[in-house]
Each structure stands twice: as structure tokens, then as C-alpha cells.
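Dear colleague,

Please find below the structure that I am handing over to you. My notes on it follow directly after it.

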Amino acid sequence: MDDNGNGGTVGHGRVVVGTDGSDNAMKAVLWAAREAAVRHRPLVVVYGTQIIIDVSREVLDKAMARVEKEYPEVPVTPLLNRATAAESLVETAGDDDLLVVGSRGLGGFNALLLGSVGLRVAARSRVPVVVVRGTGDEAERPGAPVVAAVRNDGDRAALYFAAEAAKLRAAPLHVVSACQFLQNVGSTATVVDDVNQVARGERETTSRLVAPVREDYAGLDIIEETVPATSAAGTLVEMSGRAALLVMGARRPRNRIGSPLGHVTHTLLQHSACPVTVIPRV
């Protein structure tokens, strides 16, 4: 629960980031350091490897030196873990921590296809996970919003996380419900006999979710939008190209055959043009 008592996920723990020495990992380390700076949190840089070799210390030293140079105000601690990269991050994160990981490391293209560390961490973590995608300059886009993808009450924690992230960035919060109306024609649309009524219901749900956030973040510029879409994932990927951060709840299907994450979450983690924060749904 956060300071406002609203059941959100904004805590006061550490920012924990993984590194493996790759350029993508360094981009994640710097993103995490910037986030630690604006949130006034300590940073932990984790290198998980089952074989302890000299390069392990070199990787951590390189990351530490870069953080200390660019964000000297951030307390930073290196951590070498003998588990795999994903296990190291999940094990290290405490209840109030924020996990950060790059979109792809030294595993290359095949590792990305088979499921990156980011995907595995997002599927298992009990705390918010940021997968750092995009070019790395999203935080520098003037006026770029934080986008929160919502559908129902299960996304309340994601919405509060997004509101806090927007406040810290002095950015607007864009709350989006991307609904696949056209796909529902002949089913839901037939029941209500009016697609406009479906849209109205979605807007009402979104407004109800946003109402307490407007109270708790009175000075925040909040935009609500219900988007009719043939593909919710495609719509959010397109929006990510204009966003500083995209925040969504983790949908983990009960049937774990295939991806342990829902289709939309999986697609965003693979194709978003900005960092994606995945919030555990309770």
C-alpha cells in the first residue's frame, strides 16, 4: 500500500537492475539509476551467473563506474549472485523494490525468440518490473506522457504506479482502454444490440477507475481515452512510440501452455518502443 493508503504499488524500497555487460544491459542500468535518482532510492546492480569468473567482477565494476559518474547522488551496491539472471533478480527483489531489466542481453536473437530474461522475470516477479525497450531517450522527450493500459479493477495498482511515475516526471498521464469492439461484433455487440453502448460501458469503467487517482493526484494532467481497436496489442505498441513509459497489469493466464504472460503483455515486452512496466495483478 502506498502513502495515500490506496492500495497502489509505490513503495520506498530499492531499484534492482540486472546487468550482463551488454549494451542493452547498460542502457537498463542507466535507466534504473535515473529512476533511483528521481525516486530517491538506493540502486542495486545484480549480475547473475552460475559460473563465477573474473569477468563477473569486471562487468559489475563497469556498471558501477558508469552509475557513479552520471548519477553520483545515487547510493549503489553491486551484487554477484550464483543463480541464473532471472532467478537472481527475482530472489534479490524485496516487497517494496522495483525490478529493472534490459530487453535483450548477450543471448542474441535466438534467446529473444525463446524468451528473454525480461519475459521470465515479468512472468514470475511479485513486484513491479520494468523492461527497458526503445532507444533510451524516452525520458528526454518533452511532454511525453506515461501511458497506463487499463481494463478493470485488477489494473488499479498499475494505474497508481503510472500516476506516480507521471508525477515524478512532471508528465501527463494517458489512461487508455484499448477495446477490441470489432472482434466482438456478433457476440457482445449482439447482446447489448449497440456497439456504442459497449463503448459507453468501457468509458464508465475507466472513469470509475480514474476517479480516486484524480483525487490523490490533484495537480496531475490526466487524459482518459477508450480506443476501439482490432488489436489492443497493436494499438498500445503504436502509442508506445510517443510515450516515456507504458504501464500495464501482468495478465498471467491460468493455462500456462506457451507464454506464461497474456498475449498483450507478451507483445508489448517484445515490440514496445518505450520501456514497459509490468505490475503484478492481485
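How many bridges join β1 to β2, and do these strands run parallel or antiparallel? The two strands are joined by 4 bridges and run parallel; strands count as paired if DSSP finds at least two bridges between them. Helices (H or I, at least four residues) and strands (E, at least two) are DSSP runs, numbered from the N terminus.

Please note that this is a predicted model, in which local features need pLDDT of at least 70 and side-chain atom pairs count only at pLDDT 80 or more, while totals for chains, interfaces and linings use all residues. Residues are numbered from 1 along each chain as its sequence is written, and side-chain values use heavy atoms, with hydrogens and water left out.

On to β3, β2 pairs in the parallel sense over 6 bridges, and V44 stands opposite T77.

Strand β2 is largely enclosed by the rest of the structure, because 6 of its 6 residues are buried. Buried means under 20% relative accessible area, exposed over 50%, and partly exposed in between (1.4 Å probe, protein chains only). L43, V45 and Y47 point one way from β2, while V44, V46 and G48 point the other way.

These strands belong to an open sheet of 10 strands with mixed pairing, in the order β3-β2-β1-β4-β5-β10-β9-β6-β7-β8. Its edges are β3 (76-81) and β8 (222-228); each has a single partner strand, so one side of each is left without a neighbour in the sheet.

The structure also holds 7 salt bridges, each being a side-chain nitrogen of Lys or Arg within 4 Å of a carboxyl oxygen of Asp or Glu. One of them joins D97 and R14 (2.7 Å, N to O). D97 lies in the loop between α3 and β4 and R14 in the segment before β1, 83 residues apart. D97 is buried, at 6% relative accessible area, whereas R14 is partly exposed, at 28%.

Another salt bridge joins R169 and E35 (2.6 Å, N to O). R169 belongs to helix α6 (residues 156-169) and E35 to helix α1, 134 residues apart. R169 is partly exposed at 25%, and E35 is buried at 3%.

Yours sincerely
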